Amino acid sequence: MSLITVDELTKVYKVRSRKKTPIEKGIFNSIKRFTKLRQYQNISAVNNISFTIDTGETVGFLGPNGAGKSTLVKMLAGILVPTSGSLKVNGVTPHRDRMNYAMNIGVVFGQRTTLWWDLPLSHSFDLLRVIYEITPQDYETTLRWLIELLELEPILDRPVRQLSLGQRMRAELAAALLHRPQVLFLDEPTIGLDIAVKQRIRTSLRELNREWGVTILLTTHDLRDIEEICQRLIVIDKGQLMYNGSLNHFREQFCGNRVIRVALTDRHIANRLVQDPPPEVTYTEQEGPWVTLYFDQAKTKAADVASWIMNKYIVMDLVVEEPSIEKTVTELYRSEMK
Ligand SMILES: Nc1ncnc2c1ncn2[C@@H]1O[C@H](COP(=O)(O)OP(=O)(O)O)[C@@H](O)[C@H]1O
Ligand SMILES: [Mg+2]
């Protein structure tokens, strides 16, 4: 049986309606004064999403800003109540049994903190030990392990408010794991961090999954997070599920396109190539004298496309690029929503 089952999950936010024009406002205000009427607009943040996740999986939710990632993870963590659909984690409906549920999960959401701002970091850990009723032996072993994994030793005595973003993120991660949860939810765990800290976080999460078997679900808009941490990718956009499967399968299915970039003598000549591209080229882009040509590598070879161009034009520069998964994701958003 799956650890997490999400079935036709939907979240609609009700928000106050858009700003009104002065005339509308005048009429509206006079009506409101008499009737206390208010207008609301529905925002469908998560729209009919279904998937399952097994114990020990690492799953990344990828999508642009506003896609609905945070809303989805907040429902999974029991912080938000779904509008409709069902959601079960280990047989429990998260928002119905929040107290018990919290004992079995770890949550790291950038905006919320589980740490006490003015206390030294180690005191926060001590308090969490009491809250989660962790036995002294378990506490000691787990904490020692986490301090080493996340390199926390030098900051243990520092008040949390003095920590840098990267230090705080590592501390938050430790705090979320002290009670050895089965499942860890992370919302944009690497956002705003420098490369070295990002790397530390990614390595730590991989190791946690391997050593403890923690099931990890994270949101990100950085594909590198997925590449380095997750076995599975779930792409969402505008509240809808666009892809659910392995990263490799995603590459095979959607990254069949290869890319050649050529620089011609000037932008007018480049435009001629765009107007009359080589056969089997499916898509072109132009930026000044540079033309980017996409072609299906199952149908034609880069060498054939290149020699076709070189027979007709003076080529100043030519680059053959690997299919970029980032670009593919962006194209997927674009094409599926048309
Ligand atoms: N508390 C809220 N009230 C109203 N609308 C919200 C709220 N939180 C998010 N939204 C809207 O829901 C959509 C999805 O947001 P969110 O889940 O934060 O996306 P993401 O995390 O992928 O950036 C967006 O259109 C956002 O403006
Ligand atoms: Mg978000």
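Let's start with helix α10 (residues 267–275), which lies across β10, β11 and β12 and runs at about 165° to β11. Keep in mind that this is a predicted model.

- Four strands make up an open sheet, and going across you meet them in the order β11-β12-β10-β13, with antiparallel pairing.
- At the edges sit β11 (281–287) and β13 (317–321), each of which pairs on one side only.
- On average, neighbouring strands here are turned by 15° against each other, if you ignore direction.
- Zoom in on β10 (residues 257–263) and β12 (residues 290–296), and you'll find an antiparallel pairing over seven bridges.
- One residue to look up in that region is I260, whose bridge partner in β12 is L293.

**Aromatic rings**
- Search the whole structure and you get four aromatic pairs.
- One of them is Y243 with F250: the ring centres are 4.8 Å apart and the planes sit at 70°, so this pair counts as edge-to-face.
- Y243 has a relative accessible area of 5%, so it is buried.
- F250 is buried as well, at 0% relative accessibility.

**Charges over rings**
- K14 lies over the face of Y40, 5.8 Å from the ring centre.
- R129 does likewise with Y139, lying over the ring's face at 5.9 Å from its centre.

Notes
Residues numbered from 1 in each chain as written. Chains lettered and ligands numbered in written order. Predicted model: local features only at pLDDT ≥ 70, side-chain atom pairs only at ≥ 80, totals over all residues. Heavy atoms only, no water. Pairing = 2+ DSSP bridges. Helix = DSSP H or I, 4+ residues; strand = E, 2+ residues; numbered from the N terminus. Axes fitted to C-alpha atoms, helices over the stretch in contact; angles between N-to-C directions. Contact = heavy atoms within 4.5 Å. Phe/Tyr/Trp six-rings, centres within 6.5 Å; stacked < 30°, edge-to-face > 60°. Buried < 20%, exposed > 50% of the residue type's maximum accessible area, 1.4 Å probe, protein only. Lys NZ or Arg CZ within 6 Å of the ring centre and 35° of its normal.
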